Amino acid sequence: MLDTNVVIGLLDPDDALHGHASDAVRRWEDKAASFAISVITWGELRVGAVRKGATAERMLGAFRAAAIDRIVGVDEATAEGAALLRAADLTIRVPDALILATARKIGADVLLTADRKFPAIAPELIELVQPG
C-alpha cells in the first residue's frame with residue numbers, strides 16, 4: 001500500500017522523495033507486488049491535482065491507470081480501527097489513522113510512507129521511505 005507522500009514523491013521529479021520512492025516501489029514490483037491506496041490518499045491526491053490544473057489531473061489519472069491496482073474504501077470496521085489508533089495517540093491525524101487502518105484491513109504486506117510517526121504506531125507494517 002502506498003501513502004500519499006510516496007505517491008506525490010513518485011509523481012514529482014523535483015520532490016525530495018522522488019528517487020527513494022521510485023526505488024522502494026521498484027523493489028516491491030520486483031516481488032510482483034500489486035499496489036493499493038486508500039480512498040483517503042486518492043482524495044488528497046485529487047485535491048492537489050485539481051489545484052494544479054488539467055495537466056496534473058491527466059498525469060494523476062494516467063498514474064492511477066498504470067500503477068494503482070486498487071483504491072480501498074473506508075467502511076465501519078476501518079473507521080473503528082482508525083478511531084482506536086487516534087484515541088491511543090492524539091498526535092495521529094484522522095486521515096493518517098484511516099490510511100493505517102486501511103492497510104491493516106486489507107492485510108497489506110507493507111505501507112510505504114515517509115511519515116516518521118508511522119513506524120512507532122505500526123512497526124510490523126511500515127517501510128519508511130526517506131531521502132538520505
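A residue counts as buried when its relative accessible area is under 20%, as exposed when over 50%, and as partly exposed in between (1.4 Å probe, protein chains only). By that criterion, helix α1 (residues 4-11) is mostly covered, with six of its eight residues buried, namely T4, V6, V7, G9, L10 and L11. The cover over these buried residues includes α2 (18-30), β1 (36-38), α3, α4, α6 (94-105) and β3 (111-113), where contact means heavy atoms within 4.5 Å.

This is a predicted model, in which local features need pLDDT of at least 70 and side-chain atom pairs count only at pLDDT 80 or more, while totals for chains, interfaces and linings use all residues. Residues are numbered from 1 along each chain as its sequence is written, and side-chain values use heavy atoms, with hydrogens and water left out.

| Pair | Angle between axes | Distance between axes |
|---|---|---|
| α3 and α4 | about 150° | 7 Å |
| α1 and α3 | roughly 45° | within 9 Å |

The angle between α3 (residues 39-52) and α4 (residues 54-67) is about 150°, which means that α3 is roughly antiparallel to α4 (over 145 degrees). Here W42, L45, R46, A49, V50 and K52 of α3 meet A56, E57, L60 and R64 of α4, and this contact has six nonpolar, no polar and four charged residues.

The axes of α1 and α3 cross at roughly 45°, and α1 is therefore oblique to α3. Their crossing is right-handed, and the contact is made by T4, V7 and I8 of α1 with T41, E44 and L45 of α3, which divide into three nonpolar, two polar and one charged.

Key. Axes are lines fitted to C-alpha atoms, for helices over the stretch in contact, and angles run from 0 to 180 degrees between N-to-C directions. Helices (H or I, at least four residues) and strands (E, at least two) are DSSP runs, numbered from the N terminus. Angles under 35 degrees count as roughly parallel, over 145 as roughly antiparallel, 65 to 115 as roughly perpendicular and the rest as oblique. Ala, Val, Leu, Ile, Met, Phe, Trp, Tyr, Cys and Pro count as nonpolar, Asp, Glu, Lys and Arg as charged, and the others, Gly among them, as polar. A crossing is left-handed if the near helix is turned anticlockwise from the far one by less than a right angle, and right-handed if clockwise.
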